[in-house]
Amino acid sequence: MPEAERFAYVEVDPSLGAASALPYVPLRLEYRQNVVSASGLVDSGAALNVLPYDVGLQLGLVWQEQTRVVRLSGNLADSEARAIIVTGTVGQFAPVRLAFAWTRNNQVPVILGQVNFFMEFDICFFRSRSIFEIKPKESKGN
Amino acid sequence: MSLSDLLPTIQALPRSDKLRLIQLLAADMAREERAVADLADKTVPIWSPHDAFEGAATLLRVLEQDRGGS
């Protein structure tokens with residue numbers, strides 16, 4: 001069983017310091033032969049993973065070819081989205097299949113939500129220390 | 001550790017250290033207040049699709065179909 005990897009919260013607005021700290025994790029996304037390095041917001045409040053439009057384009061996705069519609073909510077309720085599956089790698093862990101709602105919106109970060117990032121990884125937040133830890137899910141036999 | 005635990009130690013500090021402690025605490029509290037006030041002046045977008053369960057179910061179906069096809 002691999003050890004958990006530890007990551008630091010990222011202060012997205014230096015003028016606000018710790019008040020703007022969010023759990024962003026560096027990850028590698030792969031679709032066919034295309035690879036993109038991204039930073040994903042580990043968001044336990046999100047029902048699903050979300051991929052911004054430009055990141056999808058960098059991965060070689062073609063909007064017209066993606067026909068499975070996904071309905072979003074919140075700030076993204078007005079944005080069209082399509083279901084796509086890419087390979088995602090966090091740290092030194094083995095790659096996993098990640099399903100994303102690929103949205104037309106570019107104002108959104110890469111969001112890593114309950115389906116299916118939190119189904120693939122066990123995550124502990126230690127906000128008071130501005131760190132969080134991630135490790136792959138344990139197989140059912142363990 | 002509670003304040004009552006700390007108090008005897010603090011009271012035993014020399015005057016200069018007590019003044020320094022007051023300055024440190026005041027700066028610390030001011031920083032916290034400033035962070036809250038800054039947030040109050042800003043529009044903070046909440047992107048989380050927190051109740052997009054229908055969309056989440058779609059992704060799960062797609063994952064299942066992909067697993068079956070691969």
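Predicted model: local features only at pLDDT ≥ 70, side-chain atom pairs only at ≥ 80, totals over all residues.
**Exercise 1. Into the core**

Task: Decide whether β8(A) is mostly covered or mostly open, and find which residues have the most contacts inside the largest nonpolar core.

Solution, step by step:

1. Six of the eight residues of β8(A) are buried, so the strand is mostly covered; a residue counts as buried if 20 or more other C-beta atoms lie within 10 Å of its own.
2. The largest nonpolar core has 40 residues. Those with the most contacts inside it are A:Leu48, A:Val50, A:Phe100, A:Ala101, A:Ile111 and B:Leu59.
3. Several elements supply at least two residues each to this core, including β7 and β8 (96-103) of chain A and α3 of chain B.
4. Zoom in on A:Ala101. Leaving aside neighbours within four places in sequence, its contacts include A:Leu48, A:Val50, A:Ala81, B:Gly55 and B:Leu59.

**Exercise 2. A second sheet**

Task: Give the strand order of the open sheet formed by three strands of chain A, and explain why one side of β1 and one side of β10 are left without a neighbour in the sheet.

Solution, step by step:

1. The order is β1-β11-β10, with antiparallel pairing.
2. β1 (5-8) and β10 (121-126) stand at the edges with a single partner strand each, so one side of each has no neighbour in the sheet.
3. On average, neighbouring strands of this sheet are turned by 25 degrees against each other, direction ignored.
4. β10(A) and β11(A) pair over six bridges. You can find A:Ile123 opposite A:Ile134 in β11(A).

**Exercise 3. Chain A as a whole**

Task: Find how many helices and strands chain A has, and then whether A:Thr67 is buried or exposed.

Solution, step by step:

1. Chain A has two helices and eleven strands.
2. Its radius of gyration is 15 Å, close to the 14 Å that the globule rule gives for 142 residues, so chain A is as compact as a globular protein of that length.
3. Of those 142 residues, 33% count as buried.
4. A:Thr67 lies in the loop between α1 (53-58) and β7 (81-90) of chain A. A:Thr67 has 8 other C-beta atoms within 10 Å; exposed means 12 or fewer, so this residue is exposed.

**Exercise 4. Where the chains meet**

Task: Find how many residues of chain B are in contact with chain A, and which element of chain B gives the most to that side.

Solution, step by step:

1. On chain B, 21 residues are in contact with 31 residues of chain A.
2. The elements giving two or more residues to this side of chain B are α2 (15-40) and α3 (53-69).
3. α3(B) gives the most, with ten residues.
4. By type, this side of chain B divides into 13 nonpolar, four polar and four charged residues.

Notes: Residues numbered from 1 in each chain as written. Chains lettered and ligands numbered in written order. Contact = placed C-beta atoms within 7 Å. Helix = DSSP H or I, 4+ residues; strand = E, 2+ residues; numbered from the N terminus. Nonpolar A, V, L, I, M, F, W, Y, C, P; charged D, E, K, R; others polar. Rg over C-alpha atoms; globule rule 2.2 N^0.38 Å. Core = buried A, V, L, I, M, F, W, Y, C linked by C-beta atoms within 7 Å. Pairing = 2+ DSSP bridges. Axes fitted to C-alpha atoms, helices over the stretch in contact; angles between N-to-C directions.
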